[in-house]
Amino acid sequence: MSYDLLVQNANLPDGRSGVDIAVSGGRIAAIGPGIAAEAGETIDASGCLVSPPFVDPHFHMDATLSLGLPRMNMSGTLLEGIQLWGELRPTLTREAVVERAMRYCDLAVSQGLLAIRSHVDTSDPRLVTAEALLEVRDRVKGTIDLQLVAFPQDGYYRSEGAAASLERALDMGLDVVGGIPHFERTMADGAASLAALCRTAAERGLRVDIHCDESDDPLSRHVETLAAETMRHGLQGRVAGSHLTSMHSMDNYYVSKLIPLIAEAGMHAIPNPLINITLQGRHDSYPKRRGMTRVPELMAAGVNVAFGHDCVMDPWYSLGSGDMLEVAHMAVHVAQMTSRAAIGQCFDAVTVNSAKAMGLDDYGLEVGKAADMVVLQARDPIEAIRLKAARLFVVKAGKVIARAPRRESRLDLPGRQLTVDPAAYAPGE
Ligand code: FE2
């Protein structure tokens, strides 16, 4: 028997170790200990975690890497970011958006990030962003699964012509219906927008992903309407509530009704830890609220929770590097998910849970699935998050599409001239 690729002696996220993964024709042909066979390429993964690829279920690829255009966000606030985007948007060209997005996709591949759901602002009737991202989706096909959300960023009702633009963007081929109910003029308009958007999705057979209640206002309760509309239109399992930050500030009694409702609707929750912790709580003095939604409680109720990156070097966020381990790392801290089990749940939230939120059926380290995986310089998911571990090999359809050297430093101290490997420190050793 000869395989195209054989990954040997891997640790898997579920705790198994000493596992070989054999690949043939771009698919996983066998998984188990001691697969002895010839292979076109062999990777020695001894002591390394081999994970399915990272998946970002919430991003803005039309804005990424635009930091500094036309000027910097001096306050670092959401409101100045929105204002800046409003200045930049009319000047965008298809070529410039494509060029920045392609550069981000290169960065994503190097980080083992091989599936991304990007919101695409459809407010400008020129739809330059939609045209550009459709081109990018085509160009990265076979490398990155890019899902595009038609996102009426200025409001479905609040911005004149937004409903028509959104429909046109969906006609052009965008994949998912977006919305922003808390940004409409009134709560009633927000609720009406959700009814209209869920109806559109049901009619077109599409999924829904709503920027929902991205606010510190505990009375911003559009998520309950989203759950109700999900059930009304039979969209269970196909709807995501992104951000849901108001839930952080809600009354506990109300939340005790709300979370079971979200679970009943089979909704996915997509918090964005890096952005929620920086943009929420800005009207607070001290103590300052964290703003991230109630992740452990949602998970305990059986809701699929996936973490998004949201922004990298754009009007809203100066930082970020396409590293979903950095996202998970922030979530561990903000949600105080520091038990061994909870840190593992945060790793799932940037891999399997995100794939589930996006509806990626061909995902996972199982025989018959696409041979997509990342070899990390870490022995387990906890160490991967702790170190934001190097991606030694990124594999897509059985081919190595990125590789990096081990991260290590050479010390030059008297009597201690040695190599320091950040992954050389294990509990109990
Ligand atoms: Fe967002």
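Visitor: Is the crossing of α11 past α12 left-handed or right-handed, and how do you know?

Guide: α11 passes α12 in a right-handed crossing. The contact (heavy atoms within 4.5 Å) is made by L325, A328, A331 and V332 of α11 and by I343, C346 and F347 of α12.

Visitor: What kind of model is this, and how are residues numbered?

Guide: It is a predicted model, in which local features need pLDDT of at least 70 and side-chain atom pairs count only at pLDDT 80 or more, while totals for chains, interfaces and linings use all residues. Residues are numbered from 1 along each chain as its sequence is written, and side-chain values use heavy atoms, with hydrogens and water left out.

Visitor: At what angle do the axes of α11 and α12 cross, and how close do they come?

Guide: The axes of α11 (residues 324-334) and α12 (residues 340-348) cross at roughly 145° and come within 9 Å. Axes are lines fitted to C-alpha atoms, for helices over the stretch in contact, with angles from 0 to 180 degrees between N-to-C directions. Helices are DSSP runs of H or I with at least four residues, strands are runs of E with at least two, and both are numbered from the N terminus. By class, the contact of α11 with α12 has seven nonpolar, no polar and no charged residues. (Nonpolar covers Ala, Val, Leu, Ile, Met, Phe, Trp, Tyr, Cys and Pro; charged covers Asp, Glu, Lys and Arg; the others, Gly among them, are polar.)

Visitor: What makes β5 and β16 edge strands?

Guide: They belong to an open sheet of four strands in the order β5-β14-β15-β16, with antiparallel pairing. Each of β5 (49-51) and β16 (399-403) pairs on one side only. The twist in this sheet averages 20° from one strand to the next.

Visitor: How do you know that β5 and β14 pair?

Guide: Pairing needs at least two DSSP bridges. Three bridges join β5 to β14 (residues 373-376), and the two run antiparallel. The bridge partner of S51 in β14 is V374.

Visitor: Where are cis peptide bonds found?

Guide: One joins L69 and P70, with omega about -10°. P70 is in the loop between β6 (54-59) and α1. Another joins Y286 and P287, with omega about 0°. P287 is in the loop between α9 and α10 (295-300).

Visitor: What makes one space a pocket and another a cavity?

Guide: On a 1 Å grid over the protein atoms alone, a cavity is a set of points where a 1.4 Å probe fits but cannot get out; a pocket is an open set with protein on both sides within 12 Å along at least five of seven lines; lining residues have an atom within 4 Å of a point. The largest pocket has a volume of about 730 Å³. Of its 32 lining residues, the closest to its centre are L78, L79, I82, H182 and E214. α1 (78-88) gives the most to this lining, with five residues. By class, the lining has 12 nonpolar, 12 polar and eight charged residues.

Visitor: How many cavities of 30 Å³ or more are there?

Guide: The structure holds one. The largest cavity has about 50 Å³ of space. R89, L92, D121, D124, R126, L127, V128 and T129 line the largest cavity. They divide into three nonpolar, one polar and four charged residues.

Terms used
A crossing is left-handed if the near helix is turned anticlockwise from the far one by less than a right angle, and right-handed if clockwise. Grid points are joined across faces, edges and corners, and a volume is the space filled by probe spheres set on the points.
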